[in-house]
Amino acid sequence: MWRDALNYITCISCGNPDMYLKETFFRFEDDMTSPEQKTSIEYIDEGFVVCPKCEKEYPIIAGMPVLLEDTKGYTFDIDFFKPSSEHLSYSLEPTKKIGRLLQKYKVDTALDVACGLGAYTSYFACNTLVSFDISPYFIMKCIEKEGRDSGRHWFVADVMNIPFKNDSFDLIFASSILEHLEPHEVKLAIGKFNSLLRNEGIIQIDVPNNSRTQDLLRKTMTHLGFYDDDEFVDHPELGHHSLFLRKDLEKLGFDVHGCIGWVTRQKLPLGVLWEFYDLIGWYLPSLAGTLIGLKGVTNREVPNDH
Ligand SMILES: [Zn+2]
């Protein structure tokens, strides 16, 4: 954890925004170029983020601040980061259209909600990126992959208890996460995104489209053997607790667009035809496999790229 990551954190127990650091092991980075940076920026490997108000201590383990309500089981033992079989089998590749949109937002500070294995990390065009996931294994993998870059901050945190200060982000990105929440939790999460957002900030989310046409299409494709049974993305037993139609995202205040998701694109290599489908999905999201919700995006920021 970089020392300046403290600027973003609030205590999830009492809401206090003035936390401090108790380091047990930290180092100055050798590869910093200017002498000022050498003395002012530190990377904390082990220690605690401490709330002076309620005295809660959040451990920093292998560079990862664990900002969860219950951190009792979290020790400085690396075994803690052992993945479950569910985590090992998880994969998410970037959906082309969604990545392309991200590349267009030239903002200062962005938040990647439930970043998983960091499928979209390299698409952000911001100065500072704050990413979190509830899985320490995923965050560990992200840091391994991305290295310790001082413009990127990684946290272990829960989407239902986001530990960051209000008015801190110019862009909030939440991909393939809302469908895993219960419907009342979706509303709470979107409310929190709105509070975290700075004036004129952008929110971008995406969820599977559960329209009747899409459902029929997925069932047909599964029947024809294009999807394996476990890739049939709308099965509630795979952890989808909320299903979305275009109007559901509109009710939550989003402008809704659509595109083809990465699973289908991979299964059916139709090449340039998918570009055409993305164009149709953008204007007629009800026909798209993936729904994209946008808030605060003007035409200037999303020029037509077709
Ligand atoms: Zn506190």
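**Note on the predicted model: central sheet, core and confidence**

1. Setting aside neighbours within four places in sequence, Phe-173 contacts Leu-102, Ala-110, Leu-111, Asp-112, Val-113, Tyr-120 and Gln-204; two residues are in contact if their C-beta atoms, placed from the backbone, lie within 7 Å. This is a predicted model, in which local features need pLDDT of at least 70 and side-chain atom pairs count only at pLDDT 80 or more, while totals for chains, interfaces and linings use all residues. Residues are numbered from 1 along each chain as its sequence is written.

2. Phe-173 also belongs to the largest nonpolar core, of 71 residues, where Ile-172 and Phe-173 have the most contacts inside the core. This core draws at least three residues from each of domain 1 (1-74) and domain 2 (84-306), the bounds coming from an automatic or database domain assignment. A nonpolar core is a set of buried Ala, Val, Leu, Ile, Met, Phe, Trp, Tyr and Cys residues joined through C-beta atoms within 7 Å. In soluble globular proteins, nonpolar side chains tend to be buried together.

3. The protein has nine helices and eleven strands. Helices (H or I, at least four residues) and strands (E, at least two) are DSSP runs, numbered from the N terminus. Of its 306 residues, 38% count as buried. A residue is buried if 20 or more other C-beta atoms lie within 10 Å of its own, exposed if 12 or fewer, and partly exposed in between, with C-beta atoms placed from the backbone.

4. Seven strands form an open sheet of mixed pairing, in the order S7-S6-S5-S8-S9-S11-S10. Its edge strands, S7 (152-156) and S10 (255-259), each pair on one side only. From one strand to the next the twist averages 15°. Two strands pair if DSSP finds at least two bridges between them.

5. Within the sheet, strand S5 (residues 109-113) has five of its five residues buried. Both of its faces are covered, with Thr-109, Leu-111 and Val-113 on one side and Ala-110 and Asp-112 on the other. S5 runs parallel to S6 (residues 128-133), joined by four bridges, and Leu-111 has Val-130 as its bridge partner there. Four bridges also pair S5 with S8 (residues 169-175) in the parallel sense; Val-113 stands opposite Ala-174 of S8.

6. S8 in turn pairs with S9 (residues 197-208) over six bridges, again in the parallel sense, and the partner of Leu-171 in S9 is Ile-202. Helix H4 (residues 136-146) packs on the sheet, touching S6 and S7, and its direction makes about 160° with that of S7. Axes are lines fitted to C-alpha atoms, for helices over the stretch in contact, and angles run from 0 to 180 degrees between N-to-C directions. The buried residues of H4 are Pro-136, Phe-138, Ile-139, Met-140 and Cys-142. Just after H4, Gly-147 has a positive phi of about 75°.

7. S2 (residues 42-50) and S3 (residues 57-61) run antiparallel, joined by four bridges. Val-50 is partnered by Glu-57 of S3. Six residues separate the two strands of this hairpin, and Glu-55 in the turn has a positive phi of about 65°.

8. Confidence deserves a separate comment. The average pLDDT (the predictor's confidence in each residue, from 0 to 100) is 84, and 82% of the residues score at least 70. Among the elements, S5 has the highest mean pLDDT (98) and helix H1 (residues 35-40) the lowest (48). Over residues 30-40 the pLDDT stays under 50, and the model has four contacts beyond four places in sequence for them. Where pLDDT is low, the predicted coordinates should not be read in detail.
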